[in-house]
Amino acid sequence: MTEYWNPLIERMPVDELEKMQERKLRNLIDYVYTHSDFYKKIFDDADVNPQDIQTLDDLRKLPFTYKSDLRDTYPTGMFCVPNEQLVRFHVSSGTTGKPTVVGYTRNDIHEWSTSLARALTSIGVGRGDVIQVSYGYGLFTGGLGLHYGAEEAGVTVLPTSSGNTEKQLDLMKDLNTSVMACTPSYFLFMNEVANQMGVSIKNDTKLRVGIFGAEPWTEEMRGRIEEATGIKAYDVYGTSELSGPLCTECQYQDGIHIWADQFLIEVIDPETGEQLAEGEQGELVITTLAKEALPLIRYRIGDITVINKEPCKCGRTHPRIMRILGRADDMLIVRGINVFPGQVESVLMKIPEVGEHFMIIVDRVNELDIMKVQIEITDEAFSDKVNDIISLEKKVESALKNVLNLAVKVELVEKGTIPRSMGKAKKVMDNRKL
Amino acid sequence: MEDKIIKQISLFAENKPGRLANIAANFRKADINIRAFTIAEAGDFGIIRMVVDKPDAAHEVLHDAGFTVSETNVLGVEMDDVPGGLGMIANVLSEKSINIDYAYAFVTKTEKALLILRVNDIEAAIKVLQDASIKLIEMANIQEI
């Protein structure tokens, strides 16, 4: 039986939902125009008056905002409330530049927790469950986000944060963890450590659900994880700019429901900025409808996806985003061809002889891009005949070439040598000096 | 027939410094003695094949040390250490269309040569070699060679 956290909202007919979005959008535009110098300026520069925005169709008149805006206005230049109204900051890691700061009012934290409480309910997680939150706690939003969301939903939280894997596994057994929240890479590593300790996650623990995100992963990887550990693995979506982890797939594992009363989503052509029709693949653009401290208008989050507005089997009417192929930032251009690490993962995980960990290495030799993929052979697939190993390399090379349209060199390495990650896994080493 | 099968330890190793030393250190700790050894190298990686006195223990220590390792069934053929010894064995097998996947040989303490063979049909190979009165070493005798 399907349960809902808030059936009235989650099953609201689409036309009513859209009316609600229009009303919230009009209020939002007035609010940001009068509360933020940044928004006033970009609206004025784009010659947009708040009165111009009446319907959802008018959304396209509004200018986009970017991660670079958050950096340029560091630390709090885009905020719409004075700092004393904030109850929390989170700060994103500055791996690709200056860090960005996100602030939350008490109500922002409540909306965030509500969003996750709905999501947890949609995958059958609630009172009686124990969730082990192995996302990092601290400036990163993953740990505290899931923590507050799970508490809101009445789930017992085991706030392990990341690292200290053997202890995590002991606690998983001793405290009957039923839900695990972490990156898919970390869960795979955890499973390896469990095997070394002689613990089977499938047989020796009560774990039944995994909530995996903070890095792109594929359907094929889901298959591997579910098969190896006997759990149901769900994708979670969210980024620090939007608060943190927010929404998950429902029990049907067919796209992530984005709560329409909190977020307005569009997909655009990243080149032209034009809105794309439902079902077309493009760059996700998000407008927050309920945030007070740091509302975002047409924010170019950079993820490549498809929107599905078909009613879901679960009865929820809110639109779904289909599996994120990758973030535009993660896309590699090798010899002029676009490559997403997710495409590589998807090919590799279809080949049973290949282990779950891989590394993409790109070099430039004599003005030519060379892409290499390192993989680990599984114990079961190891043959002691040299030819078998070489033909496995060739098989993987040809499968990758078929999908990527690019010649790739595959190199088998000893198991355990590709770095394991406690958080977001680094799957690409781009050594080109561009 | 089972007792004529020798369990060889095979492992995958990248071609980089320290790999052999690591294996040797693990064996020393576990008091495992290598009787025959070869490396098949192919560019970036190699496959190390060994006949040891305690194959199950060797498999365990290498697996626990994180190696990709397997036990492979091979044959140990005793040959007179004289010209023509190898040719006769190869002939016997080829007459029955048994293919040799790989082979390596070494000379024993007793002035015999020992040939380690991996074939595509191990049971058929045992039969034809025994029919031709060729002596196969047993796992139990590995210690003595």
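Where in chain A does A:Gly336 lie?

Tutor: First, a caution: this is a predicted model. A:Gly336 sits in a loop of chain A.

Is A:Gly336 buried or exposed? Count its neighbours. A:Gly336 has 7 C-beta neighbours inside 10 Å, so it counts as exposed.

A:Val125 is 211 residues away from A:Gly336 along the chain.

Next, step back to the domains. Chain A is assigned two of them: domain 1 covers 1–329, and domain 2 covers 331–430. Their centres, taken over C-alpha atoms, are 30 Å apart. The two domains of chain A also touch: 18 residues of domain 1 are in contact with 15 residues of domain 2.

Look at the domain 1 side of that contact. Two helices of chain A, α8 (184–196) and α10 (219–229), each supply at least two of its residues. The largest share comes from α8(A), with four residues. By class, this side of domain 1 has eight nonpolar residues, seven polar ones and three charged ones.

Chain A has another contact to follow, with chain B. Here 14 residues of chain A are in contact with 15 residues of chain B. On the chain A side, the helix α12 (386–404) and the strand β19 (409–413) each give at least two residues. The classes on this side are seven nonpolar, one polar and six charged residues.

What of chain B itself? It has four helices and seven strands. Along the sequence they follow the pattern β-α-β-β-α-β-α-β-β-α-β. The radius of gyration of chain B is 16 Å, close to the 15 Å that the globule rule gives for 145 residues, so chain B is as compact as a globular protein of that length. Its C-alpha trace spans about 40 × 30 × 30 Å along the principal axes.

Two figures describe the packing of chain B. Of its 145 residues, 29% count as buried. Then take the contacts in chain B with a separation of 6 or more: 68% of these join residues 24 or more positions apart.

How values were computed
Residues are numbered from 1 along each chain as its sequence is written. Chains are lettered from A and ligands numbered from 1 in the order in which they are written. This is a predicted model: local features need pLDDT of at least 70, side-chain atom pairs count only at pLDDT 80 or more; totals for chains, interfaces and linings use all residues. Domain bounds come from an automatic or database domain assignment. Two residues are in contact if their C-beta atoms, placed from the backbone, lie within 7 Å. Ala, Val, Leu, Ile, Met, Phe, Trp, Tyr, Cys and Pro count as nonpolar, Asp, Glu, Lys and Arg as charged, and the others, Gly among them, as polar. A residue is buried if 20 or more other C-beta atoms lie within 10 Å of its own, exposed if 12 or fewer, and partly exposed in between; C-beta atoms are placed from the backbone. The radius of gyration is taken over C-alpha atoms; the globule rule is 2.2 Å times the number of residues to the power 0.38.
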